[in-house]
Amino acid sequence: MDVNWLQVLVNSAVTGSLYLIASAGLTLIYGLCKFPYFAYAEYIALGAFIGYFVSEVMGVSLSGAFVISFLVVGAIGFLCYRGIFQPLARRGATIIHLMVASVALGLILRHLIPVFGDIFPVLEWSWSPSYFTADWAAFNLGSVRITGLWAWTVIAAIGLSIALHIMLTKSKIGKAIRATSSNPNLALASGIDVQKVIWITWSLGAGLAAIAGIFRGAETQVWPNTGWEMILPVFAVVMLGGIGNFYGAITAAFIVGLAENIGVVALTALGLSTSYRIGIAFIILIITLIVKPQGLAMLFRRS
Amino acid sequence: MIKKLLLVVAVLSLLIPAMACTTEAPSSEPIKIGCLLDTTGDLGPMGGRILNGARLAAEEINAEGGVLGKQVVLVEEDGKTDPGAGFDRVKKMVEIDGVEVITGPMITGASLLAIPYAKEHQIPLISPSATGIQLSHEDGTEWFFRTCLRDDAQGMVLGDIILEQGYTKLATIVLDNTYGKGLEDAVTDQLEKKGWSGEHVVSIHFDQSRKDYRSELQKIKDAGADVVVCVSYCDDGIIIFKQAMDLGLDEIAWMGCDGNYGSGLFKDAKAAEFMEKAFIGGTRTVGTGSQNEHFVSAYTERFGEAPEVYSDTMYDAVWAAAKAIQAAGTYDGEAIRVALTGLEFNGATGPIAFNEIGDRTAGAFEIWEVVEDPSTETGYKNAPIEVVTWSA
């Protein structure tokens with residue numbers, strides 16, 4: 001069977017880039033707060049909806065949509081932590097309590113989106129999907145097909161990686177995030193304002209999810225399950241990369257993207273439904289947990 | 001004293017409804033026709049329009065004097081596009097409402113559950129839209145009638161188009177459910193039967209909830225297909241078509257089916273543009289004849305919009321139930337079933353007659369395409385190319 005492997009690689013890079021943008025925020029939050037934060041999926045969906053409202057309904061440019069969506073969802077992320085998870089953690093909630101609370105919050109947020117749409121019809125938020133109208137040019141590079149949107153997704157992922165790398169290694173806040181993530185007590189003892197670090201990380205993480213949401217929404221559709229649909233591969237990336245490890249996540253995002261795209265080739269060659277490709281993320285997750293629960297993080301640990 | 005008065009009032013209030021019951025002549029009790037449609041869930045928008053078809057039929061039947069001298073009422077239930085929920089409603093209608101004939105279910109999954117039950121309780125079912133072939137092989141299929149045409153009939157028409165146009169490299173991208181896979185098999189069976197010399201280069205069964213089909217479409221591109229048969233619903237279809245546009249797949253010929261017919265597909269401008277450029281034709285069941293013209297004008301007048309897919313088959317299903325009750329002369333499931341097998345009448349979807357396993361003996365398909373039309377909200381609409389009649 002003919003397979004255009006170069007195109008498979010390009011597609012994997014696009015998929016991986018989207019997963020990287022989506023998982024960068026989650027891995028930071030997860031690393032800091034040490035519990036699987038499922039409501040993260042809803043930040044992705046909210047980002048897509050806010051982006052859709054700003055660019056399609058209000059008619060502001062798409063770049064404006066990215067900025068506004070990043071800021072608004074970032075603020076929502078802060079409020080979620082300040083209003084729900086900080087009080088819970090203070091009262092001694094365990095990882096299980098926090099996780100269940102995050103699942104509940106996710107469900108509430110997801111179902112609130114169409115409710116808001118009912119109350120404020122101007123938002124055009126509902127269960128029936130909406131579509132971004134921006135028209136992306138598509139062009140051929142040799143045998144490879146690329147669209148403007150894919151190119152921007154990859155560029156955004158590279159830009160994000162560089163920006164986060166500089167922030168985490170050079171800036172004071174980045175160093176504080178890493179310090180708090182690896183040992184909160186020591187960070188506190190060293191005079192780091194741990195609370196402020198957590199607030200900033202939650203806002204930043206939620207904002208990054210919003211950006212991923214717009215990319216995903218523009219590529220497919222905007223509806224309340226936009227985030228939930230992709231949360232499994234995103235968690236697979238975070239686990240494989242090593243929780244809280246951004247560099248691990250970069251590698252893991254492209255491994256998961258590649259596995260999914262090759263998986264589709266393999267599944268169709270075997271005559272199986274491509275529905276099973278979501279299983280690929282599951283398998284990666286399970287194997288990682290069995291073989292190397294710390295993920296790829298150790299590859300990037302400075303000795 | 002007041003207590004006594006209250007007691008009298010209480011006794012009277014109990015008696016009055018009882019008296020009302022006895023004074024009511026038994027002959028004026030209406031004839032119930034069960035009506036199980038999915039007005040919520042994945043097929044909710046379609047189900048609402050199909051329900052309109054049923055209501056129109058019931059109104060017309062009553063205007064003509066009803067059935068057996070009585071008025072007809074629809075017992076409307078919502079199957080929620082969920083096999084379990086639909087089956088639950090079937091039991092409710094039979095055991096609580098006491099219906100002896102049900103129009104529905106809409107979907108193949110609910111029909112599979114309902115057929116054995118219908119056989120056991122002797123209740124005929126008349127579905128407007130469950131097209132699955134395997135329903136004809138179920139134990140108890142003699143209780144299951146349908147006014148739509150089966151997937152194999154639609155597959156034959158699609159296969160014939162591929163042969164006529166001389167395509168030699170077929171790709172299929174179909175829903176990973178009985179509808180998608182059944183229609184795919186029907187197309188390839190027809191090609192094989194007619195001695196097609198081409199090759200089925202790639203077969204993709206996709207998950208309708210995944211909503212990202214770039215890699216799947218890439219497979220079609222790599223396989224070098226010259227024609228693609230796509231069996232999808234609405235929202236998944238939109239993403240397939242817009243991603244296919246991104247990949248430049250509009251250069252090869254695409255074919256659709258009843259699942260991706262309708263204005264809902266044009267919500268996304270790029271998907272609509274793709275369908276306009278790439279689609280050489282799709283199929284859907286369609287009505288013919290004078291009764292169809294009557295249905296379209298009556299429906300449009302009554303509901304303020306043109307009927308969409310399967311409103312006409314539902315209209316025919318309710319009429320078939322009414323005519324069968326009339327022919328049976330009694331409101332009894334077994335008698336209605338026997339009457340249905342001998343029934344012949346002109347419906348909104350053409351002449352209607354059922355074979356011994358309750359399938360239509362003849363019908364018609366429209367081959368449709370997508371054209372630009374600035375007068376519509378989306379700028380695009382479906383337009384008929386030709387009507388193909390089909391008979392077993």
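1. Burial in chain B. In this predicted model, buried residues account for 53% of the 392 residues of chain B.

2. Make-up and dimensions of chain B. Chain B holds twelve helices and 14 strands. Its radius of gyration is 24 Å, close to the 21 Å from the globule rule for 392 residues, so chain B is as compact as a globular protein of that length. The C-alpha trace of chain B spans about 90 × 45 × 35 Å along its principal axes.

3. Make-up and dimensions of chain A. Chain A has eleven helices and two strands. Read from the N terminus, the order of elements is α-α-α-α-β-β-α-α-α-α-α-α-α. The radius of gyration of chain A is 19 Å, and the globule rule gives 19 Å for 303 residues, so chain A too is as compact as a globular protein of that length. Along the principal axes, the C-alpha trace of chain A covers about 60 × 50 × 35 Å.

4. Burial and contacts in chain A. Of the 303 residues in chain A, 49% count as buried. Take the contacts in chain A between residues at least 6 apart in sequence: 74% of them join residues at least 24 apart.

5. A helix pair in chain A. How do helix 1 and helix 9 of chain A pack? Helix 1 covers residues 5–33 and helix 9 covers residues 231–241. Their axes lie 9 Å apart, at an angle of about 60°. The crossing of the two helices is right-handed.

6. Residues at that crossing. From helix 1 of chain A, the contact uses Tyr19(A), Ala22(A), Ser23(A), Leu26(A), Thr27(A) and Tyr30(A). Helix 9 of chain A brings Pro233(A), Val234(A), Val237(A), Val238(A) and Gly241(A). By class, the residues of this contact are eight nonpolar, three polar and no charged.

7. Where the chains meet. In chain B, 28 residues are in contact with 24 residues of chain A. Four elements of chain B each supply at least two residues to the side that touches chain A: strand 7 (199–206), helix 7 (214–222), helix 8 (234–246) and helix 9 (269–278). Which of them gives the most? Helix 7 of chain B does, with six residues. On the side of chain B that touches chain A there are eight nonpolar, six polar and 14 charged residues.

8. Thr39(B). This residue sits in the loop between strand 1 (31–37) and helix 2 (44–63) of chain B. Is Thr39(B) buried or exposed? Thr39(B) has 20 C-beta neighbours inside 10 Å, so it counts as buried. Leaving aside residues up to four places away in sequence, Thr39(B) touches Gly44(B), Gly47(B), Gly48(B), Leu51(B) and Asp78(B). Ile50(B) is eleven residues from Thr39(B) along the chain, and their C-alpha atoms are separated by 8.7 Å.

9. Lys80(B). This residue is not a glycine, yet its phi is positive, about 60°. Lys80(B) lies in the loop between strand 2 (72–78) and helix 3 (83–97) of chain B. Lys80(B) counts as buried because it has 20 C-beta neighbours inside 10 Å.

10. Glu124(A). Chain A also has a positive phi at a residue that is not a glycine: Glu124(A), at about 60°. Glu124(A) is in the loop between helix 4 (95–119) and strand 1 (138–141) of chain A. With 14 C-beta neighbours inside 10 Å, Glu124(A) counts as partly exposed.

11. A cis peptide bond in chain B. Gly104(B) and Pro105(B) are joined by a cis peptide bond, with omega about -5°. Pro105(B) is placed in the loop between strand 3 (102–103) and helix 4 (108–121) of chain B.

Terms used
Residues numbered from 1 in each chain as written. Chains lettered and ligands numbered in written order. Predicted model: local features only at pLDDT ≥ 70, side-chain atom pairs only at ≥ 80, totals over all residues. Rg over C-alpha atoms; globule rule 2.2 N^0.38 Å. Buried ≥ 20, exposed ≤ 12 C-beta atoms within 10 Å, placed from the backbone. Axes fitted to C-alpha atoms, helices over the stretch in contact; angles between N-to-C directions. Left-handed = near helix turned anticlockwise from the far one by under 90°. Contact = placed C-beta atoms within 7 Å. Nonpolar A, V, L, I, M, F, W, Y, C, P; charged D, E, K, R; others polar.
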